[in-house]
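This briefing covers the fold, the domains and the chain contact of one model. The sequence and structure come first, and the notes follow by topic.

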2 protein chains.
Amino acid sequence: MDSTYVVGIDVGGQTSKIGVVDARGTVLAQTVIRTDTYAEIEPYIAELAEAVKKLIRESGTEGKVRGVGVGAPNGNYYTGTIENAPNLRWGHHKVEFSKLLSEAMDGLPVALTNDANAAAVGEMTYGAARGMKNFIMITLGTGVGSGIVINGEVVYGHDGFAGELGHVAAVRNNGRTCGCGKTGCLETYASATGVARTAREWLELSDEPSVLRSLDTIASKDVYEAAKDGDKLALRIFEFTGKILGRSFADFVAFSSPEAIVLFGGLARAKEFLTEPIEKAMNENVLPLWRGKVKLIYSQLKESDAAILGASALAWEL
Amino acid sequence: MDSTYVVGIDVGGQTSKIGVVDARGTVLAQTVIRTDTYAEIEPYIAELAEAVKKLIRESGTEGKVRGVGVGAPNGNYYTGTIENAPNLRWGHHKVEFSKLLSEAMDGLPVALTNDANAAAVGEMTYGAARGMKNFIMITLGTGVGSGIVINGEVVYGHDGFAGELGHVAAVRNNGRTCGCGKTGCLETYASATGVARTAREWLELSDEPSVLRSLDTIASKDVYEAAKDGDKLALRIFEFTGKILGRSFADFVAFSSPEAIVLFGGLARAKEFLTEPIEKAMNENVLPLWRGKVKLIYSQLKESDAAILGASALAWEL
């Protein structure tokens with residue numbers, strides 16, 4: 001077998017991470033450029049292409065790179081475009097991302113998808129879902145993202161936007177307002193921001209003592225630290241968050257009957273507090289035939305590399 | 001092109017319908033045998049095979065039949081088995097249906113799936129979903145069944161049992177008890193039996209006049225007739241049913257982003273009362289990017305032929 005390589009790019013609002021990756025998922029070299037200094041797409045693409053070329057040269061993989069995989073907010077796999085991505089300064093209009101980058105890279109093929117789908121491909125190629133043909137990747141970060149794999153392929157749907165499981169209804173009535181304009185969305189409860197929101201709401205609703213009361217602002221990390229110290233309110237917040245997640249997971253199981261649900265992202269670090277309530281609620285809400293059968297597992301990708309690995313994995317399919 | 005044919009078999013609790021079908025979806029010949037007179041699988045398979053052979057002879061398609069497709073409760077596409085099917089007298093244990101039938105048919109290949117998946121394949125092959133690669137078929141009958149098509153293929157999931165959308169949570173708290181042992185399942189509200197249940201509940205809860213009060217027992221058909229006569233309570237029952245369906249459909253859209261949702265089954269005949277509330281609730285509950293974009297359509301298969309056509313369509317893939 002030829003030893004070939006791929007490039008993975010994780011486009012974030014502030015920075016874009018670039019890595020050269022081998023078939024075993026080792027990041028040979030990586031670098032970072034700013035995203036947020038560019039108001040227009042053209043100069044951003046020019047610098048990105050330069051940085052990729054330099055990294056390829058420096059890692060000694062010239063002529064051996066098969067393609068470039070990109071994970072970006074609202075990246076559309078079918079069209080290679082980024083649309084309506086409020087966190088990207090140049091992302092307000094439709095941007096022909098794959099085409100522009102491929103041209104700037106002398107025709108090297110480019111595949112694009114959103115961050116959560118990229119994470120799913122990464123987990124399937126190098127991580128906890130290796131060998132699995134049917135699983136659902138849930139990313140618990142600022143929001144809740146998802147990448148659904150059926151028969152070994154990411155589900156993109158009719159228009160390329162499938163897998164928005166952060167916006168299913170976790171709570172049907174009087175649910176929390178979501179950034180998307182709806183109410184009760186899963187991500188308003190089960191994301192890092194959702195956990196912090198639960199903490200603020202619950203502190204307001206009772207006088208129960210908690211170390212969280214002493215903080216000016218509360219982030220999910222604070223709730224996690226408090227739970228580790230045995231804070232009862234913080235522990236109940238994770239129990240509640242797990243229950244909300246598990247109930248929704250049960251509905252996802254009814255849809256695609258996955259072998260596993262794979263959790264990833266900052267909030268997934270709280271697995272010691274989340275696993276039990278998630279599994280309990282999931283098993284209480286699935287049909288008997290699935291009870292105790294769907295695995296709940298956690299990403300095995302090193303968090304600092306995961307975004308690059310996920311994006312890079314796309315390029316193997318080019 | 002050779003003119004080839006397929007056989008479709010719809011296995012129901014009382015009867016099994018058999019048809020010989022051509023590539024355009026014309027049922028050339030059909031017949032029926034009893035299912036419920038057999039307590040054991042072997043004599044049932046023997047009679048079924050006899051009936052199929054006779055039908056093939058009579059329709060002049062001997063030697064031109066490519067395979068047999070079977071739709072049956074709890075039919076598993078992967079294993080060719082029927083398991084835990086309470087409505088089939090011989091279905092309480094695991095039955096190697098495909099293997100037994102194929103042997104009895106001198107090795108003719110047999111494909112098996114559940115009724116709702118068969119309906120989805122039928123709609124894709126001969127009906128309203130022709131040419132569609134991504135759609136969700138919802139069957140509104142005694143229960144609520146579903147067949148999910150992604151990238152032109154039915155989703156069977158890890159174990160062959162995917163697509164149980166009748167058992168997602170339509171109501172999270174204090175929901176109706178479902179036959180599956182859970183509460184709040186979509187099918188407790190949005191099936192034919194669910195509609196009748198809504199009628200009985202609502203009649204009990206108020207003194208509002210309604211023609212339904214004069215009936216000893218209420219079936220969904222009665223509610224439909226009452227709605228056609230302008231009965232206000234009956235009209236509100238369909239509005240409520242449509243809302244419940246539309247809200248759940250919105251979550252399905254977030255999962256697989258289908259081009260359309262296709263409705264089928266007895267209750268789908270009430271489309272004049274269901275379409276508006278379903279579309280309203282669906283559009284209120286999807287992300288803005290899907291608003292007004294997902295089609296709601298109704299099966300185009302003749303109801304008397306639909307089950308045979310759906311099952312037969314499976315055999316084209318053999």
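In which order do the 5 strands of the open sheet with mixed pairing stand in chain A? The order is E3-E2-E1-E4-E5. The model is a predicted one: local features need pLDDT of at least 70, side-chain atom pairs count only at pLDDT 80 or more, and totals for chains, interfaces and linings use all residues. Residues are numbered from 1 along each chain as its sequence is written, and chains are lettered from A and ligands numbered from 1 in the order in which they are written.

- Helices (H or I, at least four residues) and strands (E, at least two) are DSSP runs, numbered from the N terminus, and two strands pair if DSSP finds at least two bridges between them.
- Strands E3 (27–34) and E5 (110–113) of chain A each have a single partner strand and stand at the edges, so one side of each has no neighbour in the sheet.
- From one strand to the next, the twist averages 15°.
- Axes are lines fitted to C-alpha atoms, for helices over the stretch in contact, and angles run from 0 to 180 degrees between N-to-C directions.
- Strand E2 (residues 15–21) of chain A pairs with E3(A) in the antiparallel sense, over 7 bridges.
- Within this pair, A:Ser16 is opposite A:Ile33, and A:Lys17 is opposite A:Val32.
- The hairpin of E2(A) and E3(A) has 5 residues between the strands, and A:Gly25 in the turn has a positive phi of about 90°.
- Helix H2 (residues 97–104) of chain A lies across strand E4 (65–71) and E5 of chain A, and runs at about 150° to E5(A).

**Sheet E8-E7-E6-E9-E10**

- A further open sheet of chain A has 5 strands in the order E8-E7-E6-E9-E10, again with mixed pairing.
- Its edge strands are E8 (153–154) and E10 (295–298) of chain A, each pairing on one side only.
- Strand E6 (residues 135–140) and strand E9 (residues 260–264) of chain A pair in the parallel sense over 5 bridges.
- A:Met137 stands opposite A:Val262 in E9(A).

**Chain A as a whole**

- Chain A holds 9 helices and 10 strands.
- Its radius of gyration (taken over C-alpha atoms) is 20 Å, close to the 20 Å of the globule rule for 318 residues, so chain A is as compact as a globular protein of that length.
- The globule rule is 2.2 Å times the number of residues to the power 0.38.
- Along the principal axes, the C-alpha atoms of chain A fill a box of roughly 60 × 45 × 35 Å.

**Domains of chain A**

- Chain A is divided into domain 1 (5–122 + 304–315) and domain 2 (131–299), with bounds from an automatic or database domain assignment.
- The centres of the two domains, taken over C-alpha atoms, are 28 Å apart.
- In contact (C-beta atoms, placed from the backbone, within 7 Å) are 11 residues of domain 1 and 13 residues of domain 2.
- Helix H3 (residues 115–126) of chain A gives the largest share of the domain 1 side, with 6 residues.
- That side divides into 7 nonpolar, 3 polar and 1 charged residues.
- Ala, Val, Leu, Ile, Met, Phe, Trp, Tyr, Cys and Pro count as nonpolar, Asp, Glu, Lys and Arg as charged, and the others, Gly among them, as polar.

**Chains A and B**

- Chain B superposes on chain A by a rotation of 180° with 0.0 Å of shift along its axis, at RMSD 0.1 Å (least squares on the C-alpha atoms of residues with pLDDT of at least 70 in both).
- The two copies are thus related as by a two-fold rotation axis.
- Their contact takes 30 residues from chain B and 30 residues from chain A.
- On the chain B side, strand E7 (144–150) and helix H7 (232–256) of chain B each supply at least two residues.
- H7(B) gives the most to that side, with 5 residues.
- By class, the chain B side has 15 nonpolar, 8 polar and 7 charged residues.
- The copies meet through the same surface, because 100% of the interface residues of chain B are also interface residues in chain A.

Key:
Contact = placed C-beta atoms within 7 Å.
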